[in-house]
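Hi,

Here is the structure I promised to pass on to you. Have a look at it first, and then read on for what I found.

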Amino acid sequence: MSRDTKTNGKPLLTPFNLVAGIILIIGAVVTFLRFTRGLGPVTNLSNYNPWGIWIGFDLLVGVALAAGGFVTSAACYIFGMKKFHSAVRPAILTGFLGYAMVVLALNYDVGRPWRLPYPFIVSQGTTSMLFEVGACVALYLTVLFLEFSPAALEWLGLKKLRNVLHSVTLVLTILGVILSTLHQSSLGALFLIAPSKLHPLWYSSYLPIYFFISAVIAGLSMVIFEGTLSHHYFEDKMDKTHMEEKDGVVLGFGKAASWVLAGYFIIKVIGIAVDNNWHYLATGYGAWYLVEILGFVALPCFLYAIGTREKNLTLIKWTAAWTVLGIMVNRLNVSLIAFNWQLPSSERYFPSWMEISITLFVITIGILVFRFIVTRMPIFYEHPEYGDSH
Amino acid sequence: MHGIYYTLQQFLTHAKGVTYIIMVLALLAFLGFWRFLAGNDED
């Protein structure tokens, strides 16, 4: 199979490259300011609001949307659903880059990047939930790197090393599932220490479960969403198998997402019932909660079900995009909008333009690296020397 | 549903009672939903 990368013939000055270039330049300037002047001049963070969008969006949303890696590899390698095989590598790559961008963004928030290994080698705060989060991010990023490596090694022609890593695929998949389960839920568990700050409709002792299950939904939806975009922009990189399996992936993942969304909806309702928080639904925050739970959980659950029943791929793809947006809404609600809800509006947090520019900077880097990799490495096609051995 | 509860037992009896009813209804709804979701499957 001849894989002719056509990037050489394409003009450099495309609208996408132009916008990406501007974002990167602004991001580089703000990065310089952040690491030379500190958080104060760059962010709107305060003692009331120590976590802004770098945590609420870059980290919480980034980690949730990176869940496609473990969901897809578990479906294929643990549950034996080989019909999703062609979706594994793109999902692993999205997960790997998602987590890498999370760690990059985390450096902006915590500063002093050289101290990143301190929780492991200097001061182990083993009673802290953040220690568990840090340990899982570090370990899972390593696992994702190893899971992704065979594609890079095939590209580099390092056959022996590729075969060694390929032989431990199942072990890595199991590790990925374990670490993701721990990590996604512990991000929710972080907010358990703030019952007085998080609005009662979003606060629940089930937060770890909510975060984990919604991450599975995010992962399933993200695979459909990312696959749709990839088919639009990188179709020339896809082989026959990938093209043949793509509709099955959309239908299968749409069905799974519908089922998990139904379960998520029920446990969210049960969360309200257990804490007897019904009366909050009649307030302004209650209206916003209903928008989230009806508009971004019940509605996509129903639309996914309709799309799956009627084999309506377009409906499933649009629903996936809507669900990805819903995950963003949920994570921002928990970390920012419903957090510190009792403070007067003058004390509430809204990100500065420089914080937003760093978020765009990180996302842009992720997209550019994704494009670099998929236009060179065997992500959407099988490498001719290895066939479908992975 | 935001009544006055004088004891923890009163509160838990009410909250858990509502929760259990929702759980039973949800389990039944899941059966229907699964049939709806898998309704057009060929096999």
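To start with a detail: is Asn276(A) buried or exposed? Asn276(A) is buried, because 20 other C-beta atoms lie within 10 Å, and 20 or more is the cut-off. Its place is the loop that links helix H10 (240–275) to helix H11 (284–309) of chain A. Its backbone is worth a look too: phi is positive, about 55°, although Asn276(A) is not a glycine. Please keep in mind that this is a predicted model.

Asn276(A) also has a partner in the other chain. Ala15(B) touches Asn276(A), along with Ala273(A) and Val274(A), leaving aside residues up to four places away in sequence. Ala15(B) sits in helix H1 of chain B and is partly exposed, with 19 other C-beta atoms within 10 Å.

On the contact between the chains as a whole, 15 residues come from chain A and 16 residues from chain B. The side of chain B that touches chain A has 11 nonpolar and five polar residues, and no charged ones.

Chain B itself is quickly described, with one helix and zero strands. That helix, H1 (residues 8–37), has 30 residues, which at 1.5 Å a residue should span 44 Å; the end C-alpha atoms are 41 Å apart, so the two values agree. H1(B) is hardly covered, as one of its 30 residues is buried. Over the 43 residues of chain B, 2% count as buried.

Now for chain A. It has 13 helices and zero strands. The radius of gyration of chain A is 21 Å, close to the 21 Å that the globule rule gives for 390 residues, so chain A is as compact as a globular protein of that length. Along the principal axes, its C-alpha atoms fill a box of roughly 65 × 55 × 45 Å. Buried residues make up 44% of chain A. Among its contacts with a separation of 6 or more, 81% join residues 24 or more positions apart.

The buried residues include Phe70(A), Val71(A), Cys76(A) and Tyr77(A). And what covers them? The cover includes helix H4 (88–110), helix H6 (129–156), helix H8 (169–189) and helix H9 (207–233) of chain A. Just after H3(A), Gly80(A) takes a positive phi of about 70°.

Another asparagine in chain A has a positive phi: for Asn340(A) the value is near 60°. Asn340(A) lies in the loop between H12 and helix H13 (353–374) of chain A. Asn340(A) counts as partly exposed, with 17 C-beta neighbours inside 10 Å.

Finally, a word on confidence. Chain A has a mean pLDDT of 92, and 97% of its residues reach 70 or more. Within chain A, confidence is highest in helix H12 (residues 313–337), at a mean of 97, and lowest in helix H5 (residues 118–121), at 87. Please read residues 1–7 of chain A with care: pLDDT stays under 50 there, and the model has eight contacts beyond four places in sequence for this stretch.

Enjoy looking through it!

Best wishes

Conventions. Residues are numbered from 1 along each chain as its sequence is written. Chains are lettered from A and ligands numbered from 1 in the order in which they are written. This is a predicted model: local features need pLDDT of at least 70, side-chain atom pairs count only at pLDDT 80 or more; totals for chains, interfaces and linings use all residues. Helices (H or I, at least four residues) and strands (E, at least two) are DSSP runs, numbered from the N terminus. The radius of gyration is taken over C-alpha atoms; the globule rule is 2.2 Å times the number of residues to the power 0.38. A residue is buried if 20 or more other C-beta atoms lie within 10 Å of its own, exposed if 12 or fewer, and partly exposed in between; C-beta atoms are placed from the backbone. Two residues are in contact if their C-beta atoms, placed from the backbone, lie within 7 Å. Ala, Val, Leu, Ile, Met, Phe, Trp, Tyr, Cys and Pro count as nonpolar, Asp, Glu, Lys and Arg as charged, and the others, Gly among them, as polar. pLDDT is the predictor's confidence in each residue, from 0 to 100. The expected span of a helix is 1.5 Å times one less than its number of residues.
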